[in-house]
Amino acid sequence: MCGIVGYAGDRDCTEVLLDSLTKLEYRGYDSAGIAVFENGKITVEKSKGELKNLRKKIEENYKPEGHCGIGHTRWATHGEPSDINSHPHGSKRVSIVHNGIIENYKDIKKFLARKGYTFESETDTETVAKLLDYYYHGDPIDAIIKTLADVRGAYALGILFKDYPDCIFSVRKDSPLIIGVGENENFIASDVPAILQYTRKYYLLEENEIATIKADRVEFCDIHRQELIKEVQESNLDMDAAEKGGYEHFMLKEIHEQTNAVKTTIAPRIVNGMPDLSECGLSIEKLKKYRKLFIVACGTAMHAGMVGKYVIEKLARTEVTVDIASEFRYRDPIIEKEDLVIVISQSGETADTKAALHLAHDRGAKVLAVVNVKGSSIAREADMVLYTHAGPEISVASTKAFSVQMSVMYLLAFEMAYAKGHIDEAECKRLTAALTDIPEKIEQTMQCEKKCKYVASKLITATSLLYIGRGLDYALSMEGSLKLKEISYIHSESYAAGELKHGTISLVEDGMPVISVATQSDLMEKMVSNIVEVKSRGAFTITVCKEGTEFSDGIMDEIIEVPALEDVLMPMLTVIPLQLVAYYTTVLKGLNVDKPRNLAKSVTVE
Ligand code: M6R
């Protein structure tokens, strides 16, 4: 979603803003803009489309020369992507960039119109800029406090006031923002990668804290103007991790990083051969007592939650409900105090997942967050956090985050099963050892890459396809289908294989690709019957299965084999070919793999 940057220091501000915005491109955007102080005047440049359009416009027309300014990549919500709707927005005296959504912007707009204000854009952001202008009588903090009292919604704001030409003001609620701290230069940014080339030090801005940023100092106060003293954080993010490192795309690099990501996520949580999640306060005693688990997440993270459900219910005999966060928050779920709500999120900033966390807290339940980004909002607000150690995931299509999320689900299932007495220590150790071997098996699974590329070449002309599976394989078919459709733009649906006959099979016609995931021994016969059903209706059948699985002649058009593990662990391997098939289909179609249209990496609005 929208990316914010800001700079105050001696460097060429325009260059810093453009460079930093490049580092936020992964968030997804459809226009960009900057505002720079130049001889006491705010100069704004903006452009629809990719950042290179803005850069070109600046190079060809006019480059603002200054040392303090703000920049933005916009992911359209209110109003189409256009030059006019791009940020910054403002008046002669105020210029702002915004990430989030102002829910009551229509009321504010009406109010301001009555006061004589006019509006150029269709955005909610412009109303905030004009409201700041309305309240501004020489004191920026006063104007910000009065504006915050009127607006409802989510925001991270970078603000320039014309009378303060060396200063950026910032405030946030429900949208992320950090303040980068350099040597005689300071920054604002939506995310750490934007500032990493300049500094590793930063402040985390908390809800409704107001920051005043100058080259030589950063000051904080609350909405009652009380001064705040904050601690500087240090990022240990690997700079190279945010680069492609020789791979053609981030997605392919991240697929290959899964071996290490899983290793790094599970290794510190295994003590004497047993899973140990006590680092976050999840003791055996606590695990024993939970009556029911709710797993809440969005997209790929929700699919990891589905894997968690199957495994926890099977091994720990504890009821698990999995919910899409945007449904959970509005369905009035029955949560008791002795239930545990688990939220899973790579970014830790997903608006719906965050809202689910708030709902769980309102109902008195404790929340465990499984999060990849350190210090993210969800990590900070949850009662317990288990960090996944995937490193930065840049590609919009989530790959390595899924594997590490699943591996945490396995550790949880094993420890809970042991805590509740459903497996003994020996069995728990055996399962844990099998999980420890997974990184090596993932590496072996990568050998199917060539085959996946070949299979992808058969899919590029398809307009629609189906993914089917049963049990754990159904969860994986959902993930495979999401991966393919989000980047290749080929319509696909995932179906529980047994449900096909209840309607969807009527879609199957000559040549329609049907990808089945078939790794669960106890469901194999049924699964094969379902595959035969689609084959006999003309489907082009592709199956992901364990090495050595035998099928009768003529059922499968293409088989992608992965190393054989015990059934319960198979999702850790079957996901690899599903990711690779989606990747290569998209590459062969010549599409933008890492930044698919209309999508954002971190979905910070509802
Ligand atoms: O950051 P999160 O894990 O909370 O994000 C959740 C989804 O937005 C995300 O998994 C999305 O579905 C990906 N594009 C899938 O590849």
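This is a predicted model: local features need pLDDT of at least 70, side-chain atom pairs count only at pLDDT 80 or more; totals for chains, interfaces and linings use all residues.
User: Where does the ligand sit?
Analyst: In the second largest pocket. That pocket holds about 690 Å³ of space.

User: What surrounds the ligand?
Analyst: A shell of 15 residues, with S345, Q346, S347, T350 and E486 the closest. By type, the shell has 6 nonpolar, 7 polar and 2 charged residues.

User: Which polar side-chain atoms lie by an oxygen atom of the ligand?
Analyst: Among them, one of T350 lies 2.4 Å from a ligand oxygen, and one of S345 lies 2.6 Å from a ligand oxygen. On the backbone side, a polar atom of T300 is 3.1 Å from an oxygen of the ligand.

User: How much of the ligand does the protein bury?
Analyst: 91% of the 410 Å² that the ligand exposes when taken alone.

User: Which elements give two or more residues to that shell?
Analyst: α9 (299-316) and α17 (472-488).

User: And what lines the second largest pocket?
Analyst: 35 residues, and C298, G299, T300, L482 and V603 lie nearest its centre. At least two lining residues come from each of α9, β20 (340-345), α11 (351-362) and α17. The lining divides into 15 nonpolar, 14 polar and 6 charged residues.

User: Switching to the largest pocket, what is its volume?
Analyst: About 860 Å³. Its lining has 44 residues, and those closest to the centre are L237, N372, V373, K374 and P392.

User: Which element gives the largest share of that lining?
Analyst: α7, with 3 residues. β11 (201-204) also supplies at least two.

User: How do the residues of that lining divide?
Analyst: Into 17 nonpolar, 14 polar and 13 charged.

Note on methods. Residues are numbered from 1 along each chain as its sequence is written. Side-chain values use heavy atoms; hydrogens and water are left out. A residue is near a molecule or strand if one of its heavy atoms lies within 4 Å of it. A polar contact is a pair of N or O atoms within 3.5 Å; within protein, one must be able to donate a hydrogen and the other to accept it, and residues adjacent in sequence count only if both atoms are side-chain atoms. Accessible areas come from the Shrake-Rupley method with a 1.4 Å probe; for residues, only the protein chains shown count as cover. On a 1 Å grid over the protein atoms alone, a cavity is a set of points where a 1.4 Å probe fits but cannot get out, and a pocket is an open set with protein on both sides within 12 Å along at least five of seven lines; lining residues have an atom within 4 Å of a point. A molecule sits in a cavity or pocket if more than half of its atoms lie within 2 Å of its grid points. Helices (H or I, at least four residues) and strands (E, at least two) are DSSP runs, numbered from the N terminus. Ala, Val, Leu, Ile, Met, Phe, Trp, Tyr, Cys and Pro count as nonpolar, Asp, Glu, Lys and Arg as charged, and the others, Gly among them, as polar. Grid points are joined across faces, edges and corners, and a volume is the space filled by probe spheres set on the points.
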